[in-house]
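Please keep the 3D view open as you read.

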Amino acid sequence: MTRPHPALALSDRIAGLLADPASVPSAWTSRPQWAQSLAQGAPGIALLHIERAATGRGPWEYADAWLKAAAAVPATTGADSYLYYGAPALTHALSCAAQARPGSYQRALERLDQAVAADALQRCEWAQARIERGALPELAEFDTIRGLAGIGSLLLRRDLDGGPLRKVLTALVHLTDDVKHNGQVLPGWWTLSGPSGRPEARMPGGHANNGLAHGITGPLALLALAMLHGVEVDGQRSAIVNILAWLERWRDRDAWPYWITAAHLTGPGRRPLAPQRPSWCYGTAGVARAQQLAALALGDQRLRHDAESTLATALLDPRALAATTDVSACHGYAGLAHIAHRAAADATPAGAARLHSATVLLLDTTHPPRTDPDEQARALLATTGPDFLEGAAGTALALLAPATGSPPATRWDACLLTA
């Protein structure tokens, strides 16, 4: 795109409405998780203003104000912290700011890095103890939002050559080993709970989650990204191949079931998937982007072409887009536009052309022609709140790179494991 897409105006309006932490209604700021939640609080809004300041679209004063709001309470560490909450969430936001302003926030980051590294090592010990007990994991052990994949994304950025990152990668490699449970061979990431993290009556025997947010695609993305950064542990390539084989087994044209249950494993067959939204959290956008990263890491050109084609096909499919009902970063049009833009930058010429077309279509859908950006921004804030994952701040942030045709300046999307 030679000129910014009109959706950029929507992003600008949202940022303007969220410029001052003091102006945010108390209905949002009074939530217990507000200061420390990347998904639903101050750190996520800080990301928006950090990226805007880094690209010259906003002042650093706004970013600093939101970082102060995020640091207003002592950062939670240990078992109750994870990438999207507590010390890791603040570390991610400050890392983005420090990337744009080298030398800044170093004292705070040093303390936070120590806490994140200690947490990572403890989590790896828990994972190993669980394996030795012969127990199955919980989603929160390994996923992007609460688990090792998310913590690993921070270590990949903050401590590329450190022992904690290698421990995390090793734990995720072991996660891909098959296990035997009640006489049945299952993938090592099978959990006895449902997607909620609790046992669910609809899933007797548990499930294997395919999502990037909560499932095995998060570890796949981290293992691939680590290889692309030159970090590899024993068994890492085989682990990537094992996950890819699982995803290929359950693929249905250009989509994947969000999860596989015991009934899938023992039933007579599968019904074709109904059209479903191709989201980051669950769906083709997250899975295909992770596959593309894996293909680049392995040097697998066939898989690379296939992943790019699958992603473009899903994002240009009217039925899949009709199943998408909002504009959020997590599972809406803005988030899809961002992933399409990121994938296009790493794609073959043919794949890039289709993904660019998908990006424009998604931007047009996020901010339809002749829509007033100020009215749309105010309506979004009123209905979705200022959240990063599912609200207005994330929408504004996800729109920036595709609407300007530039890569992100701060790697804010490392928390999505899409880059």
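## How the helices are described

Axes here are lines fitted to C-alpha atoms, for helices over the stretch in contact, and angles run from 0 to 180 degrees between N-to-C directions. Helices (H or I, at least four residues) and strands (E, at least two) are DSSP runs, numbered from the N terminus. Two packed helices are described by the angle between their axes and the distance between the axes.

A word on the source: this is a predicted model, in which local features need pLDDT of at least 70 and side-chain atom pairs count only at pLDDT 80 or more, while totals for chains, interfaces and linings use all residues. Residues are numbered from 1 along each chain as its sequence is written, and side-chain values use heavy atoms, with hydrogens and water left out.

## H17 against H19

The axes of H17 and H19 cross at roughly 130° and come within 10 Å. That angle makes H17 oblique to H19; angles under 35 degrees count as roughly parallel, over 145 as roughly antiparallel, 65 to 115 as roughly perpendicular, and the rest as oblique. H17 passes H19 in a left-handed crossing, a term used if the near helix is turned anticlockwise from the far one by less than a right angle, with right-handed used if clockwise.

Which residues make the contact of H17 and H19? From H17 come Thr 359, Leu 363 and Thr 366, and from H19 come Leu 399, Pro 402 and Ala 403, where contact means heavy atoms within 4.5 Å. By class, the residues of this contact of H17 with H19 are four nonpolar, two polar and no charged. For these classes, Ala, Val, Leu, Ile, Met, Phe, Trp, Tyr, Cys and Pro count as nonpolar, Asp, Glu, Lys and Arg as charged, and the others, Gly among them, as polar.

## H8 and its surroundings

Helix H8 (residues 148-158) packs with helix H10 (residues 217-228) at an angle of about 20°, their axes being 9 Å apart. H8 is therefore roughly parallel to H10. The crossing in which H8 passes H10 is left-handed. On the H8 side, Leu 148, Ala 149, Gly 152, Ser 153 and Leu 156 meet Gly 218, Pro 219, Leu 222, Leu 225 and Ala 226 of H10. The contact of H8 with H10 has seven nonpolar, three polar and no charged residues.

H8 is largely enclosed by the rest of the structure, because 10 of its 11 residues are buried. Here buried means under 20% relative accessible area, exposed over 50%, and partly exposed in between (1.4 Å probe, protein chains only). Among the buried residues of H8 are Ile 151, Leu 154, Leu 155 and Arg 157. The buried residues of H8 pack against helix H5 (87-100), helix H6 (106-133), H7, helix H9 (163-175) and H10.

In helix H7 (residues 139-142) you will find Glu 141, which counts as buried at 16% relative accessibility. Not counting residues up to four places away in sequence, Glu 141 touches Ala 127, Arg 130, Gly 147, Leu 148 and Leu 175.

## Two residues with positive phi

Arg 370 has a phi near 65°, a positive value in a residue other than glycine. Arg 370 sits in the loop between helix H17 (349-366) and helix H18 (373-384). Is Arg 370 buried or exposed? At 84% relative accessibility, Arg 370 counts as exposed.

Leu 417 also has a positive phi, near 55°, and is a residue other than glycine. Leu 417 is found in the segment after helix H19 (392-404) and, at 2% relative accessibility, counts as buried.

## Cysteines

How many disulfides does a search of the whole structure find? The search finds zero, a disulfide being a pair of cysteine sulfur atoms within 2.5 Å. Cys 96 is in no disulfide, and the nearest cysteine sulfur, that of Cys 415, is 7.4 Å away. Cys 96 is buried, with a relative accessible area of 0%, and Cys 124 counts as buried at 9% relative accessibility.

## Pairs separated in sequence

Leu 296 is found in helix H13 (residues 284-298) and counts as partly exposed at 28% relative accessibility. From C-alpha to C-alpha, Leu 296 and Ala 224 are 8.0 Å apart in space, and they are 72 residues apart in sequence. Leaving aside neighbours within four places in sequence, Leu 296 is in contact with Leu 228, Arg 304 and Asp 346.

Gly 351, found in helix H17, is buried with a relative accessible area of 10%. Gly 351 and Val 241 are 110 residues apart in sequence and 22 Å apart in space, C-alpha to C-alpha.
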